[in-house]
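Open the model in your viewer and keep the sequence panel beside it. We will go stop by stop, selecting as we go.

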Amino acid sequence: MSLQKVRSKENILDYVRSSSTIMIGGFGGVGSPPTAIDVLLHSDINSLTIISNDAGFPDIGIGRLVCKDKVAKMITTHIGSNPVAGRLMNENKLEIEFVPQGTFAERIRAGGVGLGGILVDSGLQSYNSSRENTVKIDNKRFYLEKPLTADVSFIFAKKADTYGNLIYDKTARNMNPLMAMAGEVTIAEVEEIVPAGSLDPELIVTPGVFVDVIVESEGVNWKWVWE
């Protein structure tokens with residue numbers, strides 16, 4: 001990937017195809033990349049597998065892609081904030097793989113650092129695991145959960161330098177740093193782009209080596225539920 005990482009929003013479509021698996025950061029829309037979502041929303045791309053913390057709300061975040069029938073499958077922790085996602089699931093029009101939130105985060109981390117999976121205690125995870133995927137340690141049974149990776153990770157950050165070093169703002173630092181490591185291509189949508197070397201190294205969370213493309217954000221284009 002070129003060191004010239006700053007691109008226009010239109011270049012996002014150079015990296016995504018119909019039926020791609022993509023990760024999208026954020027939590028209920030907070031920390032989700034609004035410009036990237038809008039580009040996908042107005043493209044011909046469909047049948048996506050989306051790995052995200054939740055299904056957003058109908059008019060907020062990832063929920064906008066779900067409601068426009070852009071998504072064939074979600075790997076997620078919950079969809080309760082988006083009744084459209086629930087309806088589509090019940091109509092067998094949207095496949096949902098539910099993952100407990102802690103396990104979800106660790107599966108992404110495992111994908112990002114190249115682990116073969118993680119071991120989790122018995123519990124809700126057992127519904128997603130077969131008996132073949134078990135390991136016994138000190139007479140206690142654990143389930144193997146496989147890592148999560150994506151063709152493209154879409155993340156959102158407060159600030160980037162032109163090399164792709166990222167600083168996050170408050171709760172936007174949820175799934176974004178993990179997903180930045182787990183995409184074959186990582187596209188960072190950021191509020192501000194500054195020259196390489198101008199960021200305080202102590203504030204950098206995601207090193208630029210994980211970031212392939214930088215797009216300047218046009219800002220949130222939805223109304224939050226609390227407004």
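Two strands pair if DSSP finds at least two bridges between them. Helices (H or I, at least four residues) and strands (E, at least two) are DSSP runs, numbered from the N terminus. This is a predicted model: local features need pLDDT of at least 70, side-chain atom pairs count only at pLDDT 80 or more, and totals for chains, interfaces and linings use all residues. Residues are numbered from 1 along each chain as its sequence is written, and side-chain values use heavy atoms, with hydrogens and water left out.

**Stop 1: strand E9.** Select residues 150-161. Nine of the twelve residues in E9 are buried (buried is under 20% relative accessible area, exposed over 50%, partly exposed in between; 1.4 Å probe, protein chains only). Look for Ala160 opposite Ile193 in E11.

Ile24 stands opposite Phe154 in E9.

Then pick strand E10, residues 166-167. E10 runs antiparallel to E9, joined by two bridges. Lys159 faces Ile167 as its opposite number in E10. E9 and E10 form a hairpin with four residues between them. Click Gly164 in that turn: its phi is positive, about 105°.

**Stop 2: Val215.** Find Val215 in strand E12, residues 213-216. Is Val215 buried or exposed? Val215 is buried, because its relative accessible area is 2%. Show its contacts (heavy atoms within 4.5 Å). Leaving aside neighbours within four places in sequence, the partners of Val215 include Arg7, Ile12, Ile187 and Val190. Draw a distance to Phe156 as well: the C-alpha atoms of Val215 and Phe156 are 9.6 Å apart, with the two residues 59 apart along the chain.

**Stop 3: helix H3.** Select residues 83-90. Which residues of H3 are buried? They are Val84, Ala85, Gly86 and Leu88. Helix H2 (63-67) is among what covers them. Step back to Asn82, which caps the N-terminal end of H3. A side-chain oxygen of Asn82 lies 3.1 Å from the backbone nitrogen of Val84 (a polar contact is a pair of N or O atoms within 3.5 Å; within protein, one must be able to donate a hydrogen and the other to accept it, and residues adjacent in sequence count only if both atoms are side-chain atoms). Just after H3, Asn92 has a positive phi of about 60°.

**Last stop: Leu119.** Leu119 sits in strand E6, residues 118-121. Leu119 is partly exposed, because its relative accessible area is 41%.
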